[in-house]
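Good morning, and thank you for making time on the agenda. I would ask you to keep the model open while I speak.

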Amino acid sequence: MSELKLIKSEEDFITEGMIMKNCMSKQFVNGMFSIFLSMKLNRRRINLQYRKGKLVQAYSKANSPINEDIFKNYLIDNL
């Protein structure tokens, strides 16, 4: 089961930061410069940040880095 959500409101950022136990709740100000996505892929939840059309960061819970190969095919098929 996969799910992709655009994080666009301050409430979305706060909720995502609480769920993921990371600093996402403080990123709302940067939302005008970057695109933030919350992705649920199987049982894993991933936060993605894109800027100028390129992936800037991809983190799992507690800011654990994620290899792009895990979600790249899903994004290509669904975006």
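Which residue takes a positive phi in the hairpin of strand 2 and strand 3? That residue is Asn 42, with phi near 55°, in a hairpin that has two residues between the strands.

A word on conventions. This is a predicted model, in which local features need pLDDT of at least 70, side-chain atom pairs count only at pLDDT 80 or more, and totals for chains, interfaces and linings use all residues. Residues are numbered from 1 along each chain as its sequence is written, and side-chain values use heavy atoms, with hydrogens and water left out. Helices (H or I, at least four residues) and strands (E, at least two) are DSSP runs, numbered from the N terminus. Two strands pair if DSSP finds at least two bridges between them.

Strand 2, residues 35-41, runs antiparallel to strand 3, residues 44-51, and seven bridges join them. Within this pair, Phe 36 stands opposite Gln 49 of strand 3. Asn 42 lies in the loop between the two strands, and its positive phi occurs in a residue other than glycine. Asn 42 counts as exposed because its relative accessibility is 55%; exposed means over 50% relative accessible area, buried under 20%, and partly exposed in between, with a 1.4 Å probe and protein chains only.

Strand 3 also pairs with strand 4, residues 54-59, in the antiparallel sense, over five bridges. Here Leu 48 faces Ala 58 in strand 4 as its opposite residue. This hairpin too has two residues between its strands, and Lys 52 in the turn has a positive phi of about 55°. Lys 52 is likewise a residue other than glycine, and at 79% relative accessibility it counts as exposed.
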